[in-house]
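This report describes one protein structure for a reader who is new to the subject. Please keep the sequence and the 3D view at hand while reading.

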Amino acid sequence: MIIKIAIVCFIFSLFALPAYSAGKNDEEIKQAVAHFFCCFQQKKYEAAYGSFSKELKANIPYYKFALKSKDIKKAWIKKVVIYDSSGRLGKLKIDVRLELIHKKKLYKALYTGTCDIVKEKSGWKVSSVELRAKEAVPVEKIDFT
């Protein structure tokens, strides 16, 4: 009886997982997302903005993006899981480490969330990023005077 329950639970868990269709685009998608976050690390905000899809650029003007981006001091990807890369769309789960300024304090934080990426003529572009802080630790007070 216990074995039957375990098998049923295992089969159910397979349906609960997001479907993954392995694609030939996986490496290109990972490189595009890594490039986006690397631009933050190097403070190349125009290049990071250039990683946005046309639709995302239409919704977020560069000046607003650049203003918010300056609070991010360091950014690096800890983990990328592609759960769909079929066709022109890639869906990813990501973990990102950030060092950022919030209320005049420097924080080291782990953010986790999703990223969608779309294939455009010029290559893979970020179409959405939704991150939530999983943990944040204040590092030191920053004096801006």
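## Two loop residues

Lys43 lies in the loop between H2 and H3. Helices (H or I, at least four residues) and strands (E, at least two) are DSSP runs, numbered from the N terminus. Although Lys43 is not a glycine, its phi is positive, at about 60 degrees. With a relative accessibility of 41%, Lys43 counts as partly exposed; buried means under 20% relative accessible area, exposed over 50%, and partly exposed in between (1.4 Å probe, protein chains only).

Lys104 is found in the loop between S2 and S3. Its phi is near 65 degrees, again a positive value in a residue other than glycine. Lys104 is exposed, as its relative accessible area is 52%.

## Basis of the model

The model is predicted, so local features need pLDDT of at least 70 and side-chain atom pairs count only at pLDDT 80 or more, whereas totals for chains, interfaces and linings use all residues. Residues are numbered from 1 along each chain as its sequence is written, and side-chain values use heavy atoms, with hydrogens and water left out.

## Overall architecture

The protein chain contains five helices and four strands. Read from the N terminus, these elements follow the order α-α-α-α-α-β-β-β-β.

Of the 145 residues in the protein chain, 34% are buried. The accessible surface of the chain is about 10000 Å², and carbon and sulfur atoms account for 59% of this surface; such areas come from the Shrake-Rupley method with a 1.4 Å probe, and for residues only the protein chains shown count as cover. Among contacts with a separation of 6 or more, 54% join residues 24 or more positions apart, where contact means heavy atoms within 4.5 Å.

## Helix H5 and its cover

Which residues of helix H5 are buried? In this helix, which spans residues 62–69, they are Phe65, Ala66 and Ser69. Seen down the axis of H5, these residues fall within an arc of 95 degrees, so they line one face of the helix. The arc is that of the directions from the helix axis to the C-beta atoms. The face turned away from the buried side carries the exposed residues Tyr63, Leu67 and Lys68.

The cover over the buried residues of H5 includes helix H2 (26–41), helix H3 (45–50) and strand S1 (72–84). Tyr45 is found in helix H3 and is buried, with a relative accessible area of 10%. Tyr45 and Ala66 are 21 residues apart in sequence, yet their C-alpha atoms are 6.1 Å apart in space. Beyond its neighbours within four places in sequence, Tyr45 is in contact with Phe40, Tyr62, Phe65, Ser69, Lys70 and Ile72.

## The largest nonpolar core

In soluble globular proteins, nonpolar side chains tend to be buried together. A nonpolar core is a set of buried Ala, Val, Leu, Ile, Met, Phe, Trp, Tyr and Cys residues joined through side-chain atoms within 4.5 Å. The largest core here has 27 residues, of which Phe37, Phe40 and Leu92 touch the most other members. Two or more residues each come from H2, H3, S1, strand S2 (89–102), strand S3 (105–120) and strand S4 (123–141). H2 gives the largest share, seven residues.

Phe40 is in contact with Tyr45, Ala48, Phe65, Ser69, Ile72 and Ala75, leaving aside its neighbours within four places in sequence.

Glu99 is found in strand S2 and counts as buried at 10% relative accessibility.

Leu110 and Asp95 are 15 residues apart in sequence and 6.9 Å apart in space, C-alpha to C-alpha.

## The largest pocket

About 520 Å³ of space lies in the largest pocket. Of its 19 lining residues, the closest to its centre are Phe36, Phe40, Phe65, Ile72 and Val129. H2, H5, S2 and S4 each supply at least two residues of the lining. On a 1 Å grid over the protein atoms alone, a pocket is an open set of points where a 1.4 Å probe fits, with protein on both sides within 12 Å along at least five of seven lines; lining residues have an atom within 4 Å of a point. Grid points are joined across faces, edges and corners, and a volume is the space filled by probe spheres set on the points.
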